[in-house]
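Please keep the sequence and the structure in view while reading.

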Amino acid sequence: MEVAIKLLGSYCRISLYCKPVQSLAYRFASESNEKFGKELLPSEKRFDEVAIELRTKQTFLNVIDNFCKKQMHARGHVEFINSALKYMKEYGLQKDLDIYKSLLNIFPKGPMIPTNVFQRRFLYFPQQQICCVKLLDEMEWFGVQPDKEIHDLVVNAFGEWNYATKKVKRMLYWMPKLKHSNTYLDRRKIEGKKLSAVDLGYLALKMISRDPGTRITLVGINDTELSESDRWLLSAQSHLQKKLLRSLEKNTTLYVDGPNKVYLMDHCIEYVGLFSDPKSSQYYEKYEEDDLDEDFENWRSEWDGGYEKRSKYNIHEQQHETILALSVFGRVCRETAVAWISHLQEINPSLHTARVLFRTKQASETQIIQLS
């Protein structure tokens, strides 16, 4: 029997050993698995494997295009969009409207639109709608104004009156109204402009100095220890603050505190203030209680007897301190603070008789220097 099988194998030229066939099949299977694995990369690796120096807008759009081309079926777009939202800030694209449009365009068009009352009533395709609302929340957080195309992309994916569509409709209504609601800052002076540190410091002092008579002065510093870019400071002081300085008694202790932080949209500005202790328990209040007597017979004028004239406090006399001046330094250090006080002494001679205590923070240290 064995001899017959061998003769049959030699005549038909059929190999009786399956090991080469198995190894060949295994090699083909491994190659197909590697190719299939490349197509099914985790969404985060698609953005993470890009080198840091190559992380640009075009690279981000290329990753989105590659994902759309390889996805023959509408799967994995929720995970991909969530991963893209995580890496948008690393690519510096969190305020780019075109990127949000490209991400919204990933959602399949048609299948997720509700077709009956029950689908409209309940959250149809909940994961997809939650992902879309999350993307719109990111736009709202970073102040990206949606347009008609954003609205059309959401409507084509989820229908006219769905949860995600209601979100984008509310954004289209409210965000243009609230864009310029900040009465203290005109964002048109910052958006889309490359401003220097001096320009940002000027806008910051103008925003926090609510006295209309405040004058902001740019002062140069002649100090070789500082770099050329740090040899400047901005000083803000009004006539009311100068009057408060003149009314101080001799040897009054003043404090230079800072730096404190104020934000101009995405820019963080550090400023320093010259403060003094409050004179009395009375201080400025924006909203005062009107205790006017309604009986006309009890009204008194300045020429009548028994009239008590109340002293009015200005906006600089706050509850815990009196603000005498504000400044933005090119670099917060002892040399810049001393140069600022020297500048204030030139325009406020009464400052020579006061004691100035420096409490400026530099890194993790606190500098306390007395200037008499």
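Predicted model: local features only at pLDDT ≥ 70, side-chain atom pairs only at ≥ 80, totals over all residues.

A residue is called buried when its relative accessible area is under 20%, exposed when that area is over 50%, and partly exposed in between.

**Confidence**

The chain averages a pLDDT of 80, and 75% of the residues score at least 70. Over residues 11-40, however, the pLDDT is below 50, and beyond near neighbours in sequence this stretch has four contacts in the model. The pLDDT also stays under 50 over residues 363-372, although for these residues the model has 26 contacts beyond four places in sequence.

**An aromatic cluster**

The structure holds ten aromatic pairs. In one of them, the ring centres of Phe47 and Tyr87 lie 5.9 Å apart with the ring planes at 20 degrees, so this pair is stacked. Phe47 belongs to helix α3 (residues 43-48) and Tyr87 to helix α5 (residues 77-91), and the pair links parts of the chain that are 40 residues apart. Phe47 and Tyr87 are both buried. Phe47 also pairs with Tyr91, and here the ring centres are 6.4 Å apart and the planes stand at 85 degrees, so the pair is edge-to-face. Since Phe47 lies in helix α3 and Tyr91 in helix α5, this pair ties together parts that are 44 residues apart in sequence. The relative accessibility of Phe47 is 0%, so Phe47 counts as buried, and Tyr91 is buried as well, with a relative accessible area of 6%. Phe47, Phe60, Phe67, Phe80, Tyr87 and Tyr91 form one aromatic cluster.

With which residues is Ala84 in contact, leaving aside its neighbours within four places in sequence? They are Phe47, Phe60 and Leu103, and Phe47 and Phe60 are among the members of the aromatic cluster. Ala84 is found in helix α5 and is buried, with a relative accessible area of 0%. The C-alpha atoms of Ala84 and Ile99 are separated by 9.7 Å, and these two residues are 15 residues apart along the chain.

| Helix pair | Angle | Axes apart |
|---|---|---|
| α4 and α6 | about 5 degrees | 11 Å |
| α8 and α9 | about 170 degrees | 12 Å |

Angles under 35 degrees count as roughly parallel and angles over 145 as roughly antiparallel. Helices α4 and α6 are therefore roughly parallel to each other. Their contact is made by Lys57, Phe60, Leu61 and Ile64 of α4 together with Asp98, Ile99, Ser102 and Leu103 of α6, and these residues divide into five nonpolar, one polar and two charged.

Helices α8 and α9, by contrast, are roughly antiparallel to each other. Gln128, Gln129, Cys132, Leu136 and Met139 in α8 meet Ile150, Val154 and Phe158 in α9, and the residues of this contact divide into six nonpolar, two polar and no charged.

An α-helix has 3.6 residues a turn, so residues three or four places apart point the same way. In helix α9 (residues 148-158), the buried residues are Ile150, His151, Leu153, Val154, Val155, Ala157 and Phe158. What covers these buried residues includes α6 (97-104), α8 (126-141) and α10 (163-178). Helix α9 is followed by Gly159, whose phi is positive, near 100 degrees.

Most residues other than glycine have a negative phi, and most peptide bonds are trans. Which residue has a positive phi of about 60 degrees although it is not a glycine? This residue is Asn251, which lies in the loop between α12 (239-246) and β3. Met265 likewise has a positive phi, near 55 degrees. Met265 lies in the loop between β3 and β4 (267-276) and is partly exposed, with a relative accessible area of 30%. Finally, a cis peptide bond joins Gly258 and Pro259, with omega at about 0 degrees, and Pro259 lies in strand β3 (residues 253-264).

Note on methods: Residues numbered from 1 in each chain as written. Heavy atoms only, no water. Buried < 20%, exposed > 50% of the residue type's maximum accessible area, 1.4 Å probe, protein only. Helix = DSSP H or I, 4+ residues; strand = E, 2+ residues; numbered from the N terminus. Contact = heavy atoms within 4.5 Å. pLDDT = per-residue confidence, 0-100. Axes fitted to C-alpha atoms, helices over the stretch in contact; angles between N-to-C directions. Parallel < 35°, antiparallel > 145°, perpendicular 65-115°, else oblique. Nonpolar A, V, L, I, M, F, W, Y, C, P; charged D, E, K, R; others polar. Phe/Tyr/Trp six-rings, centres within 6.5 Å; stacked < 30°, edge-to-face > 60°.
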